[in-house]
Structures are given as structure tokens and as C-alpha cells.
Amino acid sequence: TIARGSQFDLPQGDTIRFFCWWHNMISSSGWESRVDIDLSCSLYKEDWTLHSEVAFYNLRSGECYHSGDITSAPTGACEFIDVDLPAMLKKGARYIVMSVISYTHHPFISLPECFCGWMMRQHPNSGEIFEAKTVKDKIDLTSDSGICVPVIIDAHERKVIWADMAVRSFSFLNT
């Protein structure tokens, strides 16, 4: 168990890859319900003013790359975002706020499988295989909400800040 606000060191590497993985809902009668989960991150300057966003509606910002928007996961699906930390710092951004949103408004607790996490990569958008053994942290999303902010990265201090925030209002945007 980690208390909200706890901080720990970011593993070695220049690129952080956020990811989320989920599966559509299947009823007891076998009917499948489409589930669209969206991964995004917001980059903030030293003074916490918004620098830029990477999300399904903005797949690239500088050296930050989104894998693309997947809108249904009948056999499971994964979205990821690569963020080049040195390039981000050079452009004036310090903090990265990871967010996961249920675009189809399904609460995470109702999904058969839904998790997110992060891992370090060598280069952004490098095509490195998503190797499960490289995952440093994985979080099962089980809140009774459809929006969460699991972690905030302080790229300057190379710290992961545990946020563990469930947000109930779907009017919430990345900013």
C-alpha cells in the first residue's frame, strides 16, 4: 500500500512509457459491450501552468508520442504514450500528469480487466516491443469512477508522485 503523495525514484532511462490495457465487457448472455478507455498526459511547467497535452485528440507534442486511439477492445487493447524526459525538460515542461478516462462512461470497477502503468524505454516512438518483463509498475483500476490520475512524474527530480485520484465528474478535462 502506498499513501497518496508518496514519492519514489524514477527508474533509469530517458523515455517513460505510460500504458493502459482493458477488455470489453461481456454479459452473462454473451453480449459484448464496447468499452473505450483513453490514456492521456498533461505536461506542466515549473509553475504548474499547462505546457501541452498528449491524448487521442493530439497524438504528438514535441517528443511525446501517443500510440493511437483504440475505441473497442473485444480481445483486449492497449494504448501507450512515450515521453522523452530530457526533450520535455529542454522545452520547459517539468511535470507529467498521467490520466485514464473511460470515454464510454463505464466505471473501472465494472470492467473485467483494466490496468495502467509505466515503464522506461530507450527512445520515444522507437518501436521497442512492449515486453511485460520491463514493466516497473502496474495498477489495477478498480475505482467506482471513470476517470483516474494514478501518478505524476517530476521529470526534473526524476520522481514518481503517487496521486491515486479517482474523479467522478465527466466534465473533467486533462487541464
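Y103 is placed in the loop between β10 (95-102) and β11 (114-121), strands being DSSP runs (E, at least two residues) numbered from the N terminus. The model is a predicted one, in which local features need pLDDT of at least 70 and side-chain atom pairs count only at pLDDT 80 or more, whereas totals for chains, interfaces and linings use all residues. Residues are numbered from 1 along each chain as its sequence is written, and side-chain values use heavy atoms, with hydrogens and water left out.

With a relative accessible area of 47%, Y103 is partly exposed, a class that lies between buried (under 20%) and exposed (over 50%), as judged with a 1.4 Å probe and protein chains only. Together with F56 and Y57, Y103 forms a nonpolar surface patch that has about 320 Å² of accessible area; such patches join nonpolar side chains within 5 Å, from residues with over 30% relative accessible area and no salt bridge (a side-chain nitrogen of Lys or Arg within 4 Å of a carboxyl oxygen of Asp or Glu). Accessible areas come from the Shrake-Rupley method with a 1.4 Å probe.

T15, by contrast, is buried, its relative accessible area being 0%, and this residue lies in strand β2 (residues 15-22). Beyond its neighbours within four places in sequence, T15 is in contact (heavy atoms within 4.5 Å) with D82, V83, D84, M119, M120, R121, Q122, H123 and P124.

Zero disulfides, defined as pairs of cysteine sulfur atoms within 2.5 Å, are found in a search of the whole structure. C78 is in no disulfide, the nearest cysteine sulfur, that of C20, being 6.3 Å away. C114 is likewise in no disulfide, and the nearest cysteine sulfur to C114, also that of C20, is 6.6 Å away; C114 counts as buried at 7% relative accessibility.

Terms used
Helices (H or I, at least four residues) and strands (E, at least two) are DSSP runs, numbered from the N terminus. Patches are made of residues with over 30% relative accessible area and no salt bridge: like charges are joined within 9 Å, nonpolar side chains (Val, Leu, Ile, Met, Phe, Trp, Tyr) within 5 Å.
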